[in-house]
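Dear colleague,

Please find the structure below, together with its sequence.

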Amino acid sequence: MSAGCLACGGSSLRLVHHLTGKGDARIVACEACTLVQLETRPTPAELEALYAGGYFEGVGKDAGYEAYSNQEAEYFATFDDDLRRIGEFLPGGTVLDVGCGYGYFVRRALAAGYDAYGIDLSAEGIQEAEKHAPGRFFRGTLGEVDSLAGRRFDVLFASHLIEHITEPAHFLATCVDHLTEEGLLVLVTPNVESWLARISGPRWVSFKIPEHVAYYSPRTMRRLLDDAGLEVVVTDPAYQFYRLPFLMSRIRELIRPVDRLLPGFENWPWLRQRTLRVTSGSMRVLARPRSTAEASG
Ligand SMILES: [Zn+2]
């Protein structure tokens with residue numbers, strides 16, 4: 001499926017990268033709104049098949065999250081950082097994690113005193129999440145789960161979700177329907193203008209084909225939010241916590257084939273368990289509904 005720019009509908013798309021190592025994918029930028037995106041997007045049926053089973057355990061070579069459940073401590077640390085930032089604006093209230101996976105964010109949000117819930121497409125993710133916080137998870141997409149109809153949350157959190165979505169305007173409209181008037185929408189997504197993206201070129205770790213269909217910059221994200229009636233409160237660089245061997249595997253992929261010259265120090269016993277906070281090449285955007293007064297003024 002290829003149908004012009006997924007943000008503005010523009011038909012003039014300029015080639016940015018031709019990824020030959022990842023299934024011959026073309027990354028293009030819209031001449032009208034500058035959004036970087038995958039030229040040939042998967043169909044809804046192909047996406048459903050992709051997320052249906054095993055996604056979180058990295059079944060399939062490039063798809064999904066490698067050994068997601070082995071990185072619990074790192075995810076907790078990353079989400080605690082997000083919650084600290086959210087707490088500066090909204091120290092309590094209801095939270096919905098959209099694309100909650102195994103429910104790690106929900107568990108940390110509960111520990112931080114929020115009334116937290118999660119929603120995900122993956123039955124496997126929901127099943128695992130329910131073991132730790134029963135009754136707080138919904139399976140499906142936001143806007144299609146009956147028990148969430150008409151419910152509004154103080155915080156909607158969507159980490160590494162919007163880059164998967166082929167109709168982002170529709171997604172954000174649904175978010176607005178589920179957000180309180182003073183609520184916060186928190187999006188974490190790869191930043192195509194981050195220094196990591198710039199130095200990595202076509203080897204950028206966030207070029208995940210075919211599931212990442214859109215690659216935002218602070219500017220394209222702001223425009224998309226603005227069109228949905230949301231105003232950006234703050235945009236932060238996103239950090240993630242990684243154990244050294246995982247981090248080194250990313251670095252080796254980036255500098256292949258000269259990575260052979262690097263000694264395998266990350267496997268030394270006293271370094272294996274080291275956890276480092278590093279930039280993920282992503283951004284964290286906090287946005288809220290524009291007030292009616294501002295919107296009309
Ligand atoms: Zn466009």
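Helix 2 and helix 3 lie oblique to each other, because angles under 35 degrees count as roughly parallel, over 145 as roughly antiparallel, 65 to 115 as roughly perpendicular and the rest as oblique. This is a predicted model, in which local features need pLDDT of at least 70, side-chain atom pairs count only at pLDDT 80 or more, and totals for chains, interfaces and linings use all residues. Residues are numbered from 1 along each chain as its sequence is written.

Helix 2 (residues 72-87) packs against helix 3 (residues 104-111) at an angle of about 55°, and their axes are 9 Å apart. Axes are lines fitted to C-alpha atoms, for helices over the stretch in contact, and angles run from 0 to 180 degrees between N-to-C directions. Helices (H or I, at least four residues) and strands (E, at least two) are DSSP runs, numbered from the N terminus.

Four strands form an open sheet in the order 1-2-3-9, with antiparallel pairing; two strands pair if DSSP finds at least two bridges between them. At the edges are strand 1 (13-19) and strand 9 (214-215), each pairing on one side only. Strand 2 (residues 25-30) is joined to strand 3 (residues 36-38) by three bridges, and Ala-29 stands opposite Val-36 in strand 3.

**Cys-5**

Cys-5 belongs to the segment before strand 1. Is Cys-5 buried or exposed? Cys-5 is buried, because 20 other C-beta atoms lie within 10 Å (buried means 20 or more, exposed 12 or fewer, and partly exposed in between, with C-beta atoms placed from the backbone).
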